[in-house]
Amino acid sequence: MSERIAVVIAGFVLDMIFGDPHWLYHPVRAIGKCIEVCERVFVKLLNISEEREKDVLKKRIAGTLIVIAVLLFSVGVPFIILYAAGRINFYLKTAIECIMCYQLLAAKSLKNESMKVYYALEKGDIEGARQAVSMIVGRDTKSLDEEGITKAAVETVAENTSDGVIAPLLFIMCFGVLGGFFYKAVNTMDSMIGYRNDKYCYLGTAAARLDDIVNFIPARISAVFMIVSAFILRLDYKNALRIFKRDRYKHKSPNSAQTEAVCAGALNVELAGNAYYFGKLYVKPVIGDRGRKIEVFDIVRANRLMYCTAFVTVAVGAAVLLI
């Protein structure tokens, strides 16, 4: 257990320092490539129609096969690497585990990308801010004003605090680095094929359902630790708890609004609401109360909340592992 704690702390520190440098090949890219290849192979193998309501059973079968194949690849490859390294030298294996843990976390990357939005808005560069926020959200950004851009950035940091930081940490602490790769594979599949559009409505069902399952507990732990972090940072933790209780299910996903509700309450702002995706308006409930108008600096506050939540997670996780 002490080895796992050391790996988690080392990986977290490396992520804080280096983030995701573009020159370094990232394992998630390999997982993404595997998903693309598996999708092409199984769709072609089962001769699946592109029409939404045709070959529904075949699409569900193909989706399940994609999930199985991607998980085998995503966990099998690092298992082989670690097994081989362990046969050579214990310290080599541990060093590789630390690097793998570092690459599974996305705290600094999330901060850097959202802060690009902040700096653009601070300079009054609305077009630059729209471009920057379009890189981290799925909605249409071309018509967003300053408030809409800021909300989108804050929401992304809040939601991805769980998906990109806390959930991987929890899986690594509970199941080791291979558990982290399992989680990352599930999360990547959901982000690539877990949609409800015509193409993936049935093909991506297995990936979306599995993502809901594996994130169910981490999302709620993330929300609780975020409330604790709001207290530490002297934000409105009481309101964070109130909004969490009231608004945590105001999303089609059972998990996505958990940390978003806490963030909205802690900052005393209103998040979510209607948004355009691919030119189509989607009516969505708001999360939080409009205690005040959201401001650009809330992006910084959301990042502080994300980092503090990560520190709390590492501290509590290390304590539990030691006990």
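Q: Starting at Asn268, what does that residue count as by its relative accessibility?
A: Asn268 counts as partly exposed, at 27% relative accessibility. Buried means under 20% relative accessible area, exposed means over 50%, and partly exposed is in between, using a 1.4 Å probe and protein chains only.

Q: And what am I looking at here, a predicted model or an experimental one?
A: This is a predicted model, where local features need pLDDT of at least 70, side-chain atom pairs count only at pLDDT 80 or more, and totals for chains, interfaces and linings use all residues. Residues are numbered from 1 along each chain as its sequence is written, and side-chain values use heavy atoms, with hydrogens and water left out.

Q: Okay, back to Asn268. Where is its place?
A: Asn268 is in the loop between α10 (257–267) and β1 (271–272). Helices (H or I, at least four residues) and strands (E, at least two) are DSSP runs, numbered from the N terminus.

Q: What's phi doing at Asn268?
A: Phi of Asn268 is near 60°, which is a positive value in a residue other than glycine. As background, most residues other than glycine have a negative phi.

Q: Which loop holds Arg234, and what is its phi near?
A: Arg234 lies in the loop between α8 (205–232) and α9 (237–247). Its phi is near 60°, again positive in a residue other than glycine. Arg234 is exposed, with a relative accessible area of 78%.

Q: Let's zoom out. How many helices and strands are there in the chain?
A: The chain has 11 helices and 4 strands. Its C-alpha atoms fill a box of roughly 55 × 55 × 35 Å along the principal axes.

Q: How does the radius of gyration fit a compact globule?
A: It agrees: a compact globule of 323 residues would be near 20 Å, and the chain has 20 Å. That radius is taken over C-alpha atoms, and the globule rule is 2.2 Å times the number of residues to the power 0.38.

Q: How much of the chain counts as buried?
A: Of the 323 residues, 49% count as buried.

Q: Switching to charges: how many salt bridges does the structure hold?
A: There are 16 salt bridges, each being a side-chain nitrogen of Lys or Arg within 4 Å of a carboxyl oxygen of Asp or Glu. One of them pairs Arg290 with Glu147, with the closest N and O atoms 3.0 Å apart. That pair links distant parts of the chain, 143 residues apart: Arg290 is in the loop between β4 (286–287) and α11 (298–322), and Glu147 is in helix α7 (residues 146–193).

Q: What about the salt bridge of Lys33, how far apart are its closest atoms?
A: Lys33 bridges to Glu36, and the closest N and O atoms are 4.0 Å apart. The two are separated by about one helical turn, because they sit 3 residues apart in helix α2 (residues 27–45).

Q: Which helix do Asp298 and Arg301 lie in?
A: Helix α11, where they are 3 residues apart, about one turn. Asp298 is buried at 0% relative accessibility, while Arg301 is partly exposed at 23%. Elsewhere, salt bridges with shared partners join Arg242, Arg246, Asp247, Lys250 and Asp289 into one network.

Q: On to rings. How many aromatic pairs does the count come to?
A: The count comes to 9 aromatic pairs. Tyr118 and Tyr119 form an edge-to-face one, 5.4 Å centre to centre with 65° between the planes. The rule pairs rings of Phe, Tyr and Trp (its six-membered ring) with centres within 6.5 Å; planes under 30 degrees apart are stacked, over 60 edge-to-face, and the rest tilted. Tyr118, Tyr119 and Phe297 form one aromatic cluster, and Tyr118 is buried at 13%.

Q: Which residue lies over the face of Phe216?
A: Arg220 does, at 3.6 Å from the ring centre. A charge sits over a ring if NZ of Lys or CZ of Arg is within 6 Å of the ring centre and within 35 degrees of the ring normal. Arg248 lies over Phe244, at 5.2 Å from the ring centre.
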